[in-house]
Amino acid sequence: MGACVQGDKTDVLSIDFLIAGGSLCGLSAAIALRRVGHNVTVIDRTSPYEPTNHDSGVRLPPNSTKMYYRWGLKERLHAVSVKSHGTLFASCSIVGNHAWEESILEEIGGDTLLVNYSRLRKVLAEHATEMGVKLVIDTIVSVHPDRVKPSLKLESGETLTGDVVLGVDGYIFEGNVCRKAVMEAFEQEDESTPLGTQLFKYAAVAPEVLNTEQAFEQGKVFTWYGSGHGAMGFPMIAVTGEDAFALYAFAPRTEGHLWPYVCEIDECLEALGDSDPRLRQLVKHSSYITCVPIAGRPSLEEWIHPDGRLLCIGEGAHPTPVGSLFSVAMCTCDAACLGRLFSHLTRHDQIDTLLSAEQEIREARVSAEPGMMEAVEQLFSYDAEDEADDWWVNWGLMQERATQWNLGGMGMAVTVEEGEGEEGEA
Ligand SMILES: Cc1cc2nc3c(=O)[nH]c(=O)nc-3n(C[C@H](O)[C@H](O)[C@H](O)COP(=O)(O)OP(=O)(O)OC[C@H]3O[C@@H](n4cnc5c(N)ncnc54)[C@H](O)[C@@H]3O)c2cc1C
């Protein structure tokens, strides 16, 4: 039995998690699992301490920040983020202005933060490693699900073995193995449906183009829309520490690329056509631009490999359009829910049930499509850890009692913890 690091339980059975993919979801899952006492190794082909030239800014909504604050990351996150106070809608001039209600945010218990992807990833990695999470920088060549000891084979030739492999290697970039393995096992087609749009992601350090001071003070997310084109931008702090704007510009798609690539300034300018001159100007102030061909990709029909303990979560399980406000929130909540479920682990024979519970709880959530108003109420106030607790009280404890009754019937000594299971009685 291992002791808890920070969670509220002291009797958790510590098991070994291998997390395939150390982006935002993988690192969040690492923190959530480590804080309830599990041993965690995260494997990624890129170091979370090195900035990538594929990033821009991330909008972290309140249901994400609420979890991170609870896990002790508030100060660190605030040091690298701009707090958002709402959205400005513009075509040629401003046509709409939305502000976050402070009272709602207070009730929800989180903020909306605007933050550079690489800085956010680094903050999560620092926190995770300080808690004892092991980071391995290597490319995963293949995954081998197993009912007892699943493993990952790495490009370096090493094979890592654990009790559970978490597939968090996404879908946006080529080379992920976990989503692919689960889809192949269930003969599900990973069909890519081009949506006729491409996205240019860039970060511009350009105080004179937009009114930076005002933008930073108000923390507004700007949205532009026009014929065939659209854009969204917000203030953030660049990797260099300078004030910057994260930009997402959508334009009609040109043929040729299937995966994101770093593109030239001229290519981006051409695609933006005669869009708002400020957007065009900001392109010229960007040190790198990533073009992402937008395509619809199917969610996994099953998140768990039929041959054993490989569970996919995050973007690889339920892809969302790049740049969506909801994608990071969904990933944080997947991680939080899993951590809370595994805070109840006391025996190895519970592992499969808890993995299935993660899919049961989270799949229902990520496939729900609330309208705008419901989104604020249902999505941002959603607490993934509470939902995991509800599952445990309603279903987990019932299964526990049935298992213990069976063990008792076989003449084995059983103990039922006092006070457990008073709620959710069938
Ligand atoms: C480089 C990069 C930059 C991004 N920039 C932004 C941004 O600026 N704004 C934004 O909103 N969202 C950004 N995203 C997307 C954002 O991270 C996701 O939307 C999300 O919310 C987190 O999803 P995820 O962790 O499940 O998957 P992803 O973020 O897609 O991460 C998957 C991870 O798995 C790793 N991986 C994949 N295959 C292998 C393999 N074979 N071996 C080892 N490692 C592997 C990748 O290196 C990556 O770190 C970015 C993602 C990446 C990978």
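Predicted model: local features only at pLDDT ≥ 70, side-chain atom pairs only at ≥ 80, totals over all residues.

## The chain as a whole

Let us begin with the overall picture. The protein chain has 426 residues, and buried residues make up 54% of them. The chain exposes about 19000 Å², and carbon and sulfur atoms supply 51% of that area. Among the contacts with a separation of 6 or more, 73% are between residues 24 or more positions apart.

In soluble globular proteins, nonpolar side chains tend to be buried together. The largest nonpolar core in this chain has 82 residues. Within this core, L166 and F342 are the residues with the most contacts. The helix α10 gives the most to this core, with nine residues. Apart from it lies another core of 21 residues, with F200, A204, C268 and L279 among them.

What does F342 touch, if residues up to four places away in sequence are not counted? Its partners are V12, I15, F17, L33, V36, H38, I351, L354 and L355.

## Around the ligand

Now find the ligand. How many residues surround the ligand? There are 32, and the closest are S23, D44, S56, I140 and Y248. They divide into 11 nonpolar, 13 polar and eight charged residues.

| Protein atom | Ligand atom | Distance |
|---|---|---|
| Polar side-chain atom of S23 | Oxygen | 2.7 Å |
| Polar backbone atom of C25 | Oxygen | 3.0 Å |
| Polar backbone atom of S56 | Oxygen | 2.6 Å |

On its own, the ligand has 920 Å² of accessible area, and the protein covers 95% of this. Which elements give two or more residues to the shell around the ligand? They are α1 (24-34), β3 (57-60), α5 (117-130) and α10 (325-341). The one that gives the most is α10, with three residues.

## D163, a charged residue inside

Next, look at D163, in the loop between β11 (159-161) and β12 (164-167). Is D163 buried or exposed? A residue counts as buried when its relative accessible area is under 20%. The value for D163 is 7%, so D163 is buried.

Two polar contacts involve the side chain of D163. One of its polar atoms lies 2.7 Å from the backbone nitrogen of D16, and a polar contact of 2.9 Å joins the side chains of D163 and K149. D163 and K149 are 14 residues apart in sequence, while their C-alpha atoms are 5.2 Å apart in space. Leaving out residues up to four places away in sequence, D163 touches I15, D16, V148, K149, P150, R309 and H348. Notice that I15 is also a partner of F342.

## An enclosed helix

Now turn to α2, which spans residues 62-70. Why is this helix described as largely enclosed by the rest of the structure? Eight of its nine residues are buried, so the description follows from that count. The buried residues are P62, N63, S64, T65, K66, M67, Y68 and Y69. After α2 comes G72, whose phi is positive, near 90 degrees.

## Two exposed residues

A residue counts as exposed when its relative accessible area is over 50%. E187 has a value of 73%, so E187 is exposed. You can find E187 in the loop between α6 (178-185) and β13 (193-204). Its phi is near 55 degrees, a positive value in a residue other than glycine.

K284 lies in helix α9, which covers residues 277-284. With a relative accessible area of 55%, K284 is exposed. Setting aside neighbours within four places in sequence, K284 is in contact with I265 and L269. K284 and D266 are 18 residues apart along the chain, and their C-alpha atoms are separated by 9.0 Å.

Note on methods: Residues numbered from 1 in each chain as written. Heavy atoms only, no water. Near = heavy atom within 4 Å. Polar contact = N/O pair within 3.5 Å; in protein donor to acceptor, adjacent residues only side chain to side chain. Areas by Shrake-Rupley, 256 points an atom, 1.4 Å probe, with all protein chains shown as cover. Helix = DSSP H or I, 4+ residues; strand = E, 2+ residues; numbered from the N terminus. Nonpolar A, V, L, I, M, F, W, Y, C, P; charged D, E, K, R; others polar. Buried < 20%, exposed > 50% of the residue type's maximum accessible area, 1.4 Å probe, protein only. Contact = heavy atoms within 4.5 Å. Core = buried A, V, L, I, M, F, W, Y, C linked by side-chain atoms within 4.5 Å.
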